[in-house]
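User: I would like to go through this structure with you. Could we start with the aromatic residues and then turn to the overall fold?

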Amino acid sequence: MSRIKDLQKNLFGGTTSNARQFGMIFTLVAIVLLFQIWTDGLTLTSGNLIAVVSQYSYILILAIGMLMVIVAGHIDLSVGSVAAFTGIVVAKAMQEFSLPWPVGILLGLAVGALIGAWQGFWVAYVGVPAFIVTLAGMLLFRGGNQYIGNADTVPVSEGFRTIGAGFLPEVGPNTGYNNLTLLLGLAACAGVIWRELKSRQTRREMNADVAPMWISVLRMAVMVGVIVFATLRFAGGRVGTSLPISGIILIVLVLAYSHYTRNTIGGRHIYAVGGNSRAAELSGVKLKRVNFLVMMNMSVLAALAGMIFVARSSASGPQDGLSWELDAIAAVFIGGAAVSGGLGTISGSIVGGLVMALLNNGLQLEGVGSDMVQIIKGLVLLLAVAFDVYNKSQGRFSIIGSLMRPFRRDDPPPPTDRPSPSSDADKAPVAG
């Protein structure tokens, strides 16, 4: 019995773990298993998993930026139009001025930064609500895309396509797998083990409670098992395909932004602003600067997502970016971010995005019509947010507030009393 209590207390980071708190993880696993059975094993094949990452990586990249925008208490409706505008500018510049594709990428990021500075200025320094600013931006940059491209498609160079349609190359001896993907998976396993052991050492040095060693071993085994399975799937694709370059870009961004939001002053300021902007400002947080940088960062990531999509499609067109903002917002809210700001995690948004991606992919494999796909995705979004709101109304944790708790280093203890309606407890900053 004591081992069961230790498991409940420590496996997911010192709180009582159950299906309610970790609903999105269980939902993701359930969706995978359901479609794996329903599609006669097609869902987890190497080819399908590679296709999912290649097709949806740009939405997950948008979700990273959108998470920070929503945590800060804003919304950005322009990301799809910004992505499309950037794509056509880069495609036209490479076509008409013969720009090398690396310079084209830098140009695209610069365009995103300028757009973000424009929108951030109106939000942070003029005080126009982000909803209005980005609604105007959605119309402005959609029109700009069609004006610059004359509503035509513009092809991009072969080198540029690498960021959207490329894969890790085949190197080394013939092992039957992509060797670079295997090495990347091995490094990820080593990182998980090092992080767990480092966390135990840090807690000992702080004289904090340390979970039993068998709990740590179990945690490491679960994570390593998932990584090994994914590595073999991606490394075992047909010759010439493996982990997509867009997937590598996504992994780097997830690691970088997770570190930024959890472990830096700037990241904590974003949560403070979303939790209580007045209190944050009185505490010395530069409110205007935070809002400006959050909006600017979102547009830079939208520009990157747009270039990845154009690279995968081999051309920029007038229909690029349609409804991308809705997919990104859905991923963030399904991942547990609070509508009022102040709560949410990068990892949770990625889980939410994967739920939508695998749901969409599984329904397509079964030949479900696009109308029903939209209906089902809408219901999933509504139920996920309603479920999280209900949990908080009952004084429980937000789903994603505890989702990745085992991988944090300095979480506060869970509240024991149900917060009053007038309390700001639901809006306290939660880093991660």
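**Aromatic pairs and helix packing**

Analyst: Tyr58 is buried, and so is Phe309. Please note that this is a predicted model.

User: How do the rings of Tyr58 and Phe309 pair?

Analyst: Tyr58 and Phe309 make an edge-to-face aromatic pair, with 5.2 Å from centre to centre and 70 degrees between the planes. The pair joins distant parts of the chain: Tyr58 belongs to helix α3 (residues 46-71) and Phe309 to helix α13 (residues 287-313), 251 residues apart.

User: What about Trp118 and Trp122?

Analyst: Trp118 and Trp122 also form an edge-to-face pair. Their ring centres are 5.6 Å apart, and the planes are at 75 degrees. Because the two residues are 4 residues apart in helix α5 (residues 101-126), about one helical turn separates them.

User: Why does Trp118 count as partly exposed? And Trp122?

Analyst: Trp118 counts as partly exposed because its relative accessibility is 45%. Trp122 has 30% relative accessibility, so Trp122 counts as partly exposed too.

User: Which residues do ring pairs link into a cluster?

Analyst: The cluster consists of Trp118, Phe121, Trp122, Tyr125 and Phe292, linked by ring pairs.

User: How many aromatic pairs does the count come to?

Analyst: The count comes to 9 aromatic pairs.

User: Changing topic: how many helices and strands are in the chain?

Analyst: The chain contains 16 helices and 2 strands. It has 432 residues, of which 48% count as buried. Among contacts with a separation of 6 or more, 78% come from residues 24 or more positions apart.

User: At what angle do helix α8 and helix α9 pack?

Analyst: Helix α8 (residues 179-205) and helix α9 (residues 213-235) pack at about 165 degrees, and their axes are 9 Å apart. Angles over 145 degrees count as roughly antiparallel, and α8 and α9 are therefore roughly antiparallel to each other. The crossing of α8 past α9 is right-handed.

User: Which residues in α8 and α9 meet?

Analyst: On the α8 side, the residues include Leu182, Ala188, Cys189, Val192, Ile193 and Leu197. On the α9 side, they include Met220, Met223, Val224, Ile227, Val228 and Phe234. Glu196 and Arg200 of α8 are also among the residues that meet α9, as Arg219 of α9 is among those that meet α8.

Conventions. Residues numbered from 1 in each chain as written. Predicted model: local features only at pLDDT ≥ 70, side-chain atom pairs only at ≥ 80, totals over all residues. Heavy atoms only, no water. Phe/Tyr/Trp six-rings, centres within 6.5 Å; stacked < 30°, edge-to-face > 60°. Buried < 20%, exposed > 50% of the residue type's maximum accessible area, 1.4 Å probe, protein only. Contact = heavy atoms within 4.5 Å. Axes fitted to C-alpha atoms, helices over the stretch in contact; angles between N-to-C directions. Parallel < 35°, antiparallel > 145°, perpendicular 65-115°, else oblique. Left-handed = near helix turned anticlockwise from the far one by under 90°.
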